[in-house]
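Thanks, everyone. I'll keep this short. Please look at the sequence and the structure on the screen first.

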Amino acid sequence: MILHDFLPSGNGYKIRLLCACLGLKVSLKEYDITKGETRTDEFLALSPNGKIPVLELDNGEVLSESNAILLYLAEKHQSPLLPSDLIQKAALYKWLFWEQYSHEPNIAAVRFWLTHNAMTPLKEQMLPERIQQGNAALQLMDDTLRHHTFLIGDAISLADICLFAYTHVAEEGGVYTLSDFPNVQRWIKTIESQSWFIPISQR
Ligand SMILES: N[C@@H](CCC(=O)N[C@@H](CS)C(=O)NCC(=O)O)C(=O)O
């Protein structure tokens, strides 16, 4: 398998972290998204959405959207990270959809704007509301994690892999303070202590 990726991306890191957890071998093809390297004809022919991560399977099939790739890999390898119980599965889907709508636009996008010199006057205007919503997202996670080790009860799941990716680097950019969310901090340490853990910068 080839993972088309950009190393600082949390969306790409979700896939690298899951592959590490499942012991899957994946080779990395890196792109610099700040230089438009995912907008070339060659990349668009691979994935018309022009965004990483993209997973190219050994049979030539191409998958995009980080959370769809997580679900594909977990299901293919019958991982307990994807619960079989339907209610637990619905809880997992809830976190994956919530991540894309309520977490990623406020935490990942803001981190990118502030760490990659990507601010514009329009983004400056959007920033206060994004930060307020990002803090609300972190608070929801903190409240959930007050009573449980992981996001869905006491067993680690794809929801944790998915949300760990951008949560653990939320402070990059200088607008979020993780010490305001002690249960999230404890959860980050728990994930970092797993035997299969790899950091975001590891190829
Ligand atoms: N919803 C998508 C978001 C993917 C995405 O936003 N990728 C960014 C990097 S994290 C990207 O490739 N941006 C480059 C561009 O849009 O040109 C996912 O979860 O995979």
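I'll go through the overall fold, then the domain contact, then a few local details.

First, the ground rules. This is a predicted model, where local features need pLDDT of at least 70, side-chain atom pairs count only at pLDDT 80 or more, and totals for chains, interfaces and linings use all residues. Residues are numbered from 1 along each chain as its sequence is written, and side-chain values use heavy atoms, with hydrogens and water left out.

Overall fold. The chain has 7 helices and 4 strands. Helices (H or I, at least four residues) and strands (E, at least two) are DSSP runs, numbered from the N terminus. The order from the N terminus is β-α-β-α-β-β-α-α-α-α-α. The C-alpha atoms fill a box of roughly 45 × 45 × 30 Å along the principal axes. How does the radius of gyration fit a compact globule? For 203 residues, such a globule would have a value near 17 Å, and the chain has 17 Å, so the two agree. That radius is taken over C-alpha atoms, and the globule rule is 2.2 Å times the number of residues to the power 0.38.

Now the domains. Domain 1 covers 2–76 and domain 2 covers 86–192; these bounds come from an automatic or database domain assignment. Their C-alpha centres lie 21 Å apart. Contact (heavy atoms within 4.5 Å) takes 17 residues from domain 1 and 16 residues from domain 2.

How much area is buried between them? About 1300 Å², with carbon and sulfur atoms giving 69%. Buried area here is the accessible area (1.4 Å probe) that two parts lose on being put together, summed over both. On the domain 1 side, Lys14, Asn67 and Leu71 lose the most area to domain 2, together 30% of what that side buries.

Lys14 comes up again. Lys14 forms a salt bridge with Glu99, and the closest N and O atoms are 3.0 Å apart. The cut-off: a side-chain nitrogen of Lys or Arg within 4 Å of a carboxyl oxygen of Asp or Glu. Between domain 1 and domain 2 the count is 1 salt bridge.

Which helices supply the domain 1 side? Helix 1 (10–22) and helix 3 (66–76) each supply at least two residues of the side that touches domain 2. Helix 1 gives the most, with 6 residues.

Back to the whole chain. The salt bridge count comes to 7. One of interest joins Glu30 and Arg203, with the closest N and O atoms 2.5 Å apart. This pair links distant parts of the chain: Glu30 sits in strand 2 (residues 27–30), Arg203 in the segment after helix 7 (182–192), 173 residues apart.

Last, the backbone. Most residues other than glycine have a negative phi, and most peptide bonds are trans. Two places to check here. The peptide bond from Ile52 to Pro53 is cis, with omega near 0 degrees. Pro53 is in the loop between helix 2 (41–46) and strand 3 (54–56). Glu65 is not a glycine, yet has a positive phi of about 75 degrees. Glu65 lies in the loop between strand 4 (62–64) and helix 3.
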